[in-house]
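Dear colleague,

I am handing over the structure below, and my notes on it follow directly after.

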Amino acid sequence: MIQPNKGRKIGIMGGTFDPIHYGHLMLAEQIRTSFHLDEVIFIPVGKAPHKTLSNAAQKEQRFEMVKLAVASNPYFTLSDIEIKQSGTTYTIDTITELQSQLSKDDELFFITGADAILLLESWKDYQTLVKKVKFIGATRPGYEKKVLEDKIRVLEAKFGAQIELSVVPALAISSTDIRERVDTEKSIKYLLPEVVESYIHENFLYKKHHERFFEFKQILESTLSKKRYMHSLETAHTARKLALIFNVDPLKAEFAGLCHDFAKEIKGKKMQSLIIDFGIYQDPSIIATPNIAHGEVAAGILKKEYGVMDEDILDAIRWHTYGNKEMSDLSKIIYISDIIEPTRDFEGVEEIRKYAFMDLDLAIVKFFSQCTPHLEDKHLKMHRYTTEMVKQILDSQERN
Ligand code: NAP
């Protein structure tokens with residue numbers, strides 16, 4: 001039985017938290033209330049002794065997610081004790097440092113899943129550790145406790161460990177499952193706090209990316225206006241989603257979506273001279289509004305100056321503004337993602353969005369029919385390639 005003490009009762013919730021989710025938060029809260037703890041300190045591990053992951057978030061990102069997740073509970077706090085260390089972090093070292101910062105009367109309760117108790121003898125310096133902290137092992141309803149209780153008796157008798165078990169509700173949520181869901185564009189809503197979900201989304205965590213994705217993300221962040229940069233990120237997100245639906249390489253789609261407006265903010269004489277340098281066809285619409293050639297110009301710059309050689313990606317960027325009669329599915333995805341990404345809110349966008357996730361061609365034709373009157377009102381010309389693209393789509397629909 002855990003004995004009472006006059007100091008504060010502090011729960012320690014160590015974890016990789018990659019990412020933190022409602023299972024972790026529920027566990028900490030249940031133990032806090034059952035054991036009348038004054039505080040629970042969440043300690044994200046720096047470099048775990050027991051885990052190596054290929055698509056892991058950086059430790060600073062895991063820390064940030066825990067910070068967001070615990071902010072709404074006044075009894076939860078957060079420590080960077082392990083995050084700020086460089087090598088592998090062991091619980092014994094963390095607890096020793098923590099105790100030096102707390103009052104000597106404070107009692108520490110290490111909160112863990114019950115299975116960790118079975119493996120406790122593999123932890124560094126566990127004989128000392130069990131004398132420094134009391135362990136609370138959480139089991140789920142229906143957990144077969146016999147083996148665990150035998151182990152606890154041994155640990156108590158041999159090393160003076162103090163270990164209690166507590167039943168918490170079963171929430172079948174795991175960080176591994178969340179990472180897999182993110183990578184395959186499945187919903188993670190209601191598995192973790194919304195603020196953490198947004199953080200994962202905004203930081204492109206847990207996905208496989210094109211090898212140059214983060215390099216170009218940084219370039220765009222420092223060269224484009226904030227609004228254009230956010231639009232580029234959202235186009236990348238949307239393109240990835242559509243790619244998974246239409247069986248197109250999601251890494252190429254995401255990368256092309258990210259870079260599609262690489263040259264959009266080049267203006268005036270510079271744009272005109274690049275149009276000439278890259279030998280771009282001078283359609284009347286381009287002569288009237290040179291900036292509409294920014295897709296072709298971007299493809300030219302990315303190839304010549306940045307060594308992007310993938311022609312599928314370059315084509316998708318090249319044709320994203322006015323299209324082309326020989327558009328691949330990837331090119332159609334970038335064309336339409338640019339139009340429907342979530343920050344777009346023009347009249348009629350909802351309808352195009354709805355079509356886009358069912359039929360790319362239909363969405364393109366729908367957009368064309370919406371924007372033709374607007375161009376006419378402003379006495380602007382449609383690029384020849386756009387008319388050819390739409391004709392090609394309509395012809396093929398008629399044939400089928
Ligand atoms: P984790 O996977 O992030 O999980 C943290 C805690 O949350 C675990 O106790 C886990 O219990 C629990 N949990 C996860 N999903 C849950 C759910 N759906 N419902 C209820 N509880 C849930 O952390 P970890 O990587 O196992 O690490 C835990 C701590 O042990 C860390 O502080 C780590 O440093 C420490 N550790 C130390 C050593 C050492 O010093 N040598 C070795 C191993 C671990 P379950 O495991 O039952 O899911």
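Which residues in H10 meet which residues in H11? Ser 232, Leu 233, Thr 235, Ala 236, Ala 239, Arg 240, Ala 243 and Leu 244 in H10 meet Pro 250, Leu 251, Ala 253, Glu 254, Gly 257 and Leu 258 in H11, where contact means heavy atoms within 4.5 Å.

Please bear in mind that this is a predicted model, in which local features need pLDDT of at least 70 and side-chain atom pairs count only at pLDDT 80 or more, while totals for chains, interfaces and linings use all residues. Residues are numbered from 1 along each chain as its sequence is written, and side-chain values use heavy atoms, with hydrogens and water left out.

Helices (H or I, at least four residues) and strands (E, at least two) are DSSP runs, numbered from the N terminus. Helix H10 (residues 226-245) packs against helix H11 (residues 250-259) at an angle of about 155°, their axes lying 7 Å apart, with axes fitted to C-alpha atoms over the stretch in contact and angles running from 0 to 180 degrees between N-to-C directions. H10 is therefore roughly antiparallel to H11 (over 145 degrees).

As for the strands, S1 (residues 9-15) is mostly covered, five of its seven residues being buried (under 20% relative accessible area, 1.4 Å probe, protein chains only). Strand pairing requires at least two DSSP bridges; S1 runs parallel to S4 (residues 107-113), joined by five bridges, and Lys 9 stands opposite Glu 107 in S4. S1 also runs parallel to S2 (residues 39-44), through six bridges, with Ile 12 opposite Ile 41 in S2.

Best regards

Note on methods:
Buried < 20%, exposed > 50% of the residue type's maximum accessible area, 1.4 Å probe, protein only. Parallel < 35°, antiparallel > 145°, perpendicular 65-115°, else oblique.
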